[in-house]
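Subject: Structure handover

Hello,

Here is the structure you asked for, with its sequence. My notes on what was found follow below.

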Amino acid sequence: MTAETTSERKIRKIITSERLLEGGGFPVRRPFPTPGMHDVDPFLLFDHLGPVDWGPGEGIGAPDHPHRGFETVTYLLEGEMNHKDSSGHSGELRPGDVQWMTAGSGVVHSELPSPAFMEHGGTMHGFQIWVNLPASAKMNPPRYQDIAAENIPVAQSNDKKTRVRVIAGEALGVSAIIDTFIPITYLHYTLLPGAKHNQSLAATANAFVYVINGSVQIGPELTEISEGQMAQLDTGDRVTLQVNESADDKCDLILLAGEPINEPIARYGPFVMNTETEIKQAIRDYQEGKMGAILSE
Ligand code: MN
């Protein structure tokens, strides 16, 4: 085997997030979907919520709304959110927790700051990504994977300069406990100055890097991106991530990769299907109450 049998991913495109208000009016940074990038199959949306400081009584979330045909993945870094849905499922998200929700055939849910957070205020900071489902799984029953922070596997390099929380996929020999329909890699890296890490990726997966704070150098050309920027990666079976020895700060980033589904996408607000007919059906089913409602408000 020669070195040419493997290839290091380069950057295909760099996107700077748009800033907008989502849900009831909370601030997000969104690299896609935007005019510059529609989606990164199988990912439909990437929202970086905050960090935003709310005073007592000021917290804003997303009141009752439906979803069908995909998965919403919430990862909280700071603050406290409550989740409640039409099938009676409810839960609390604290810093470091992950909720991987498969909306499937449909849920109506609310995602709101917890009562304690509303009372005292504080910093809210986190992520929500939308992962598409293949046509064969879009009408599956809803499913939740609520993973507490302490149960998310963590890996560290020998020189301790690279630390990674393995939300989905595998890094540094450590595997995630979350189960996904299609192969997904979702890694939260903390890289100290001088860190250099090689992450292998399936050659067929679409992949990108999003910087939470600091700056990272990517690929053989050491292209640097900073807070709020996303680098879509070219093809290849690995990516190199490094932080300058002389950098002032560590870098936190998210690396996401997934096998493309390669099916048509029909999208309307909270519904993502394959055809317009299926979207109309979703709207009808929601309006007729077939996705249920949250009873105890
Ligand atoms: Mn939602």
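His109 is buried, with a relative accessibility of 0% (buried means under 20% relative accessible area, exposed over 50%, partly exposed in between, with a 1.4 Å probe and protein chains only). His65 also counts as buried, at 18%.

Please keep in mind that this is a predicted model, in which local features need pLDDT of at least 70 and side-chain atom pairs count only at pLDDT 80 or more, while totals for chains, interfaces and linings use all residues. Residues are numbered from 1 along each chain as its sequence is written, and side-chain values use heavy atoms, with hydrogens and water left out.

Metal site

The manganese ion has His65 (NE2), His67 (NE2), His109 (NE2) and Glu111 (OE) as its protein donors, at 2.1 to 2.3 Å. Donors are N, O and S atoms within 2.8 Å of the metal (3.2 Å for Na, K and Ca); water is not among the atoms, so sites may look incomplete. The spacing of the donor residues in sequence is H-x1-H-x41-H-x1-E. His65 in strand β5 and His109 in strand β10 are 44 residues apart, a pair that links distant parts of the chain. Strands here are DSSP runs (E, at least two residues; helices are H or I, at least four), numbered from the N terminus.

Sheet

His65 stands opposite His109 in β10. Their strands, β5 and β10 (residues 107–113), pair in the antiparallel sense over 4 bridges; two strands pair if DSSP finds at least two bridges between them. Both belong to an open sheet of 4 strands with antiparallel pairing, in the order β5-β10-β7-β8. β5 and β8 (90–93) are at the edges with a single partner strand each, so one side of each has no neighbour in the sheet.

Pocket

The largest pocket is lined by 28 residues, and Glu22, Phe26, Ala62, Glu111 and Gln128 lie nearest its centre. A pocket is an open set of points on a 1 Å grid over the protein atoms alone, where a 1.4 Å probe fits, with protein on both sides within 12 Å along at least five of seven lines; lining residues have an atom within 4 Å of a point. β11 gives the most to this lining, with 5 residues.

Loop

Pro35 lies in the loop between β3 and β4 and is exposed, with a relative accessible area of 80%. Its C-alpha atom is separated by 25 Å from that of Gln217, 182 residues apart along the chain.

Regards
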